[in-house]
Structures are given as C-alpha cells and as structure tokens.
Amino acid sequence: MNYDNQLQPEQFPGAYITPEVSRRMENVHRLANLTAQALNNMEQGEALHTDRSLFSNRLPVGPTLIPHKIIIPDDIDGKLVGISSQAQNINALRQKAQEEASKLDRSSIIEHLGLKKNLNEFPIQYEDLERRA
Amino acid sequence: MLKKLFDGLTAKSREQRRLDLYRGLIRHEAKIGGQLFGLVAPGGRREFFCLDENTWVWHEEWVDSSSQRQIKTTRYDVRPTGILKAQDGQQYQRVSLDEARRLNQAAQAYKDKVFNELYSFAR
C-alpha cells in the first residue's frame with residue numbers, strides 16, 4: 001500500500017480538518033506527554049531508591065540509645081521539654097527512694113511490718129504476711 | 001422506505017470513510033515513525049506509531065541470516081507510574097530506565113516529526 005498517495009489533499013478534499021485528525025493529534029500529544037511523565041516518575045523512583053540505599057548504609061540497624069543521657073535538640077518545643085523534666089524528676093525520686101531504702105536494716109523493716117522479730121525466722125512466709133493483713 | 005435505506009447506507013458509508021481515514025492517518029504516522037531509527041535493511045520493514053493515548057507500537061520485519069523472514073511486534077503500555085512492554089503477545093514486563101529514556105526520545109521525536117510533516121496545516 002502506498003501511504004504517501006493515500007492522504008493527498010486532492011484525494012481527500014477537506015479531510016484534514018476532521019474529528020479524526022483532531023483525535024489523532026490529541027492522542028499523539030497525550031501519549032508523548034504521558035511517556036515523558038512516566039520516565040520522570042521512574043527516574044524519581046530510581047533516585048529515591050538510591051537515596052534510601054545510601055541512607056540505609058549509613059544508619060545502623062535499629063535505634064541507637066545513649067544510656068543515662070537525655071538529648072534535647074535545639075529546636076525542641078516546650079511540650080517535649082516538659083516531658084523531659086518529668087522524666088528527670090522521676091529519676092530523682094527513684095534515686096532518693098533507693099538511698100532511703102539502703103539506710104533501713106532488716107530488723108526495722110520487720111518491725112515496721114509487725115512481723116516476727118527473730119531474724120533467724122526469715123524468710124518471711126507468704127502466709128504470715130496474709131495473716132497480718 | 002427508500003429514503004430510510006438510503007440514509008442508512010449514507011450513514012454507514014460516512015462512518016466507514018471516517019474509519020478508513022483514521023486508519024490511514026495511523027498508517028501514515030507509522031511510516032513517519034519508522035524513519036526515526038535510521039535505515040531499514042533491504043527486504044525489511046519498520047513501523048513505529050501511537051496506537052492510542054496509552055500505547056506505542058513498534059513493528060519490525062527483517063530477513064535473517066538463513067533467509068527466513070522474521071517479524072517482531074512490541075507494544076509499550078505507558079502508565080503515569082511506569083512503562084510496560086509486551087512482545088509478540090507475551091506477558092507484559094516493566095521496561096528498564098534506559099529503555100524508557102530511549103522510548104521517550106523516540107516519542108518526542110515522533111510527535112515533532114508527525115506534527116510537522118502530517119498535521120502542520122492544522123496547527
């Protein structure tokens with residue numbers, strides 16, 4: 001088939017300005033744009049994938065914890081600072097309680113609980129505690 | 001009665017002419033698109049065209065070293081998120097980034113060439 005002769009204006013008078021021509025032009029235009037868009041998205045996806053790979057290589061697996069240290073970033077807001085203060089208070093209370101507890105000896109604890117005073121009778125049985133209660 | 005029949009035939013003929021024109025335009029585009037990739041070997045044939053708003057088609061025919069005629073048709077299904085291709089009715093597979101880049105180059109060249117050579121009167 002000779003394509004060149006098929007669409008000569010003299011053979012299709014007025015045929016060029018038709019809905020078919022408009023449709024073809026629109027399809028070509030849309031498909032060319034869609035192809036560029038697809039390529040762009042593929043390249044972005046590839047770049048993102050590469051970034052993630054680099055990122056994952058730089059980070060250790062899992063969170064890194066620094067014991068006994070509370071790190072407060074410069075840009076942290078007041079709410080988080082409040083939480084941090086509470087955490088510090090709780091730690092202070094816990095430390096104080098441990099210090100107080102270390103001052104007590106066994107006999108004073110037994111006396112306080114109203115249990116047997118003879119240290120040789122330790123360990124305290126669960127039934128004894130229940131009976132006192 | 002005769003008028004109805006005549007009108008029906010005229011409508012059918014008009015529809016057929018539109019269909020023929022649309023196919024003719026695609027064939028002409030395919031020929032222009034086939035010229036984008038350089039010379040075709042003697043006895044071969046190459047067409048590249050926009051089938052619809054989602055599909056590129058590349059049709060290639062050539063004669064191999066044992067004088068056998070070979071035909072390969074590749075469809076590229078273009079989606080916003082990527083491009084799939086199927087050859088000779090086989091399953092679709094995702095194209096590589098390099099192939100997508102080459103297809104995009106061909107697509108933009110196709111659009112320019114077709115608009116300049118075939119539809120320049122309408123712009």
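In this predicted model, B:Arg18 and A:Glu20 form a salt bridge, with 3.9 Å between the closest N and O atoms. Across the interface of chain A and chain B there are four salt bridges, and 11 residue pairs are in polar contact. On the side of chain A that touches chain B, α1 (3-6) and α2 (19-58) each supply at least two residues. The largest share, 22 residues, comes from α2(A). By type, this side of chain A divides into 17 nonpolar, eight polar and seven charged residues.

In total, 32 residues of chain A are in contact with 41 residues of chain B. The area buried between the two chains is about 3400 Å², and carbon and sulfur atoms give 70% of that area.

Chain B also contains paired strands. Strand β1 (residues 45-52) pairs with β2(B) in the antiparallel sense over seven bridges. The two form a hairpin with two residues between them, and B:Cys50 stands opposite B:Trp56 in β2(B).

On to the next pairing: β2(B) and β3(B) run antiparallel and are joined by nine bridges. Here B:Val63 stands opposite B:Arg69 in β3(B). These strands form a hairpin as well, with five residues between them.

The loop between β2 (55-63) and β3 (69-79) of chain B holds B:Ser67. Its phi is near 60°, a positive value in a residue other than glycine. Is B:Ser67 buried or exposed? B:Ser67 has a relative accessible area of 59%, so it counts as exposed, the cut-off being over 50%.

Technical notes:
Residues numbered from 1 in each chain as written. Chains lettered and ligands numbered in written order. Predicted model: local features only at pLDDT ≥ 70, side-chain atom pairs only at ≥ 80, totals over all residues. Heavy atoms only, no water. Helix = DSSP H or I, 4+ residues; strand = E, 2+ residues; numbered from the N terminus. Buried < 20%, exposed > 50% of the residue type's maximum accessible area, 1.4 Å probe, protein only. Pairing = 2+ DSSP bridges. Contact = heavy atoms within 4.5 Å. Buried area = accessible area lost by both parts, 1.4 Å probe. Salt bridge = Lys/Arg side-chain N within 4 Å of Asp/Glu carboxyl O. Polar contact = N/O pair within 3.5 Å; in protein donor to acceptor, adjacent residues only side chain to side chain. Nonpolar A, V, L, I, M, F, W, Y, C, P; charged D, E, K, R; others polar.
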